[in-house]
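Work through the exercises below with the sequence and the coordinates at hand, and try each task before reading its solution.

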Amino acid sequence: MASDLPSFDLHTYFRSSCAARLRIALNLWGIPYNPIFVHLLKNEQFSDQHRALNPSLSVPVLVAHRASEDDIVIPQSIAALEYLEEMIRSTNPQNRALLPNDPRLRAITRSLVSIIASDTQPVTNLRCQRWIKELEADPIPYCRKATEAGLAAYEALASKVAGTFSVGDDVTLADVCLVPATWSAARFGIDIQNYPTIARVVARMEDEDAVKKAHWRNQPDTPEEFRQN
């Protein structure tokens, strides 16, 4: 990587699918980062320190440190991914791009990203599950239904443009967002084999070292009982 790149802190939690998007992308680009662990179940996201970085009280937060300039604090995963993509294109264009050059395919990629990041994950996250429990209801059937709807929409769109990956034969931001979503889907009892394009793409993505390294079972803050054997 170019020597003038910032250094990065990533505020992360081992089981956060949004944080996993950043872990996968940073690994794919070969960008080192310093993980700062925020334990969501222990409510560390509500600390004054974290609130100052992210008023949404969530992870991830990507902080870029550059000499003699103010830090850049990005408290949303998709904005952070697009920032990194633009930075890579401007500083090291030989590195892999995660958005296609073709405008049509770029729009489809962003549509797939939105299906996961806007339609599916936000309504199934820990915050929403806690709200549902406050109503004395079980959040799992709701999360399962919402996730199945999102995966069905993703499958329908991706099946028209997929090659080796979701959009053609190169990894895109869509794949980076899809893989952690399927990890969450497994927790809700969803079999991704019901979505053949998704299942095939995820199997291929999970062969990537960058994805293996980013897996929620392989993080420094992963509890021992959940670690990959």
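The exercises that follow concern a predicted model, and each task is followed by a stepwise solution.

**Exercise 1. Helix packing**

Describe how helix H6 and helix H7 pack, giving the angle, the distance between their axes, and the residues that meet.

*Solution.* Two packed helices are described by the angle between their axes and the distance between the axes. Step one is to locate the pair: H6 covers residues 139–158 and H7 covers residues 173–187. Step two gives the geometry, an angle of about 145 degrees with the axes 11 Å apart, and the crossing is left-handed. Step three lists the contact, in which Thr147, Leu151 and Tyr154 of H6 meet Ala174, Asp175, Leu178 and Ala185 of H7. By class, the residues of this contact divide into five nonpolar, one polar and one charged.

**Exercise 2. A threonine in H6**

Is threonine 147 buried or exposed, and which residues beyond its neighbours within four places in sequence does threonine 147 contact?

*Solution.* Threonine 147 belongs to helix H6. Its relative accessible area is 4%, and because the cut-off for a buried residue is under 20%, threonine 147 is buried. Once neighbours within four places in sequence are set aside, threonine 147 is in contact with Thr120, Thr124, Ala185, Phe188 and Ile190.

**Exercise 3. The buried residues of H8**

Which residues of helix H8 are buried, and against which helices do they pack?

*Solution.* Within helix H8, residues 196–205, the buried residues are Thr197, Ile198, Ala199, Val201, Val202 and Met205. The next step is to find their partners: these buried residues pack against H6, H7 and H9.

**Exercise 4. Glutamine 219**

Where does glutamine 219 lie, and which backbone oxygens does the side chain of glutamine 219 reach?

*Solution.* Glutamine 219 is in the segment after helix H9, which spans 209–214. With a relative accessible area of 5%, glutamine 219 is buried. The side chain of glutamine 219 reaches the backbone oxygen of lysine 213 at 3.0 Å and the backbone oxygen of alanine 214 at 3.1 Å. Leaving aside neighbours within four places in sequence, the contacts of glutamine 219 are Phe14, Arg23, Lys213, Ala214 and Arg227.

**Exercise 5. Backbone exceptions**

*Solution.* Most residues other than glycine have a negative phi, and most peptide bonds are trans. The bond from valine 59 to proline 60 is cis, with omega near 5 degrees, and proline 60 lies in the loop between helix H2 (48–53) and strand E3 (61–65). Leucine 57, found in the loop between H2 and E3, has a positive phi of about 60 degrees although it is not a glycine. Glutamate 136, in the loop between helix H5 (126–134) and H6, has a positive phi near 60 degrees. Their accessibilities are then read off: leucine 57 counts as buried at 16%, whereas glutamate 136 counts as exposed at 79%.

**Exercise 6. Aspartate 9**

What surrounds aspartate 9, leaving aside its neighbours within four places in sequence?

*Solution.* Aspartate 9 is found in strand E1, residues 7–12, and is buried, with a relative accessible area of 15%. The C-alpha atoms of aspartate 9 and tyrosine 33, 24 residues apart along the chain, are separated by 5.5 Å. With the sequence neighbours left out, aspartate 9 is in contact with Asn34, Ile36, Val61, Leu62, Val63 and His65. Finally, a polar contact of 3.1 Å joins the side chains of aspartate 9 and asparagine 34.

Note on methods: Residues are numbered from 1 along each chain as its sequence is written. This is a predicted model: local features need pLDDT of at least 70, side-chain atom pairs count only at pLDDT 80 or more; totals for chains, interfaces and linings use all residues. Side-chain values use heavy atoms; hydrogens and water are left out. Axes are lines fitted to C-alpha atoms, for helices over the stretch in contact, and angles run from 0 to 180 degrees between N-to-C directions. Helices (H or I, at least four residues) and strands (E, at least two) are DSSP runs, numbered from the N terminus. A crossing is left-handed if the near helix is turned anticlockwise from the far one by less than a right angle, and right-handed if clockwise. Contact means heavy atoms within 4.5 Å. Ala, Val, Leu, Ile, Met, Phe, Trp, Tyr, Cys and Pro count as nonpolar, Asp, Glu, Lys and Arg as charged, and the others, Gly among them, as polar. Buried means under 20% relative accessible area, exposed over 50%, partly exposed in between (1.4 Å probe, protein chains only). A polar contact is a pair of N or O atoms within 3.5 Å; within protein, one must be able to donate a hydrogen and the other to accept it, and residues adjacent in sequence count only if both atoms are side-chain atoms.
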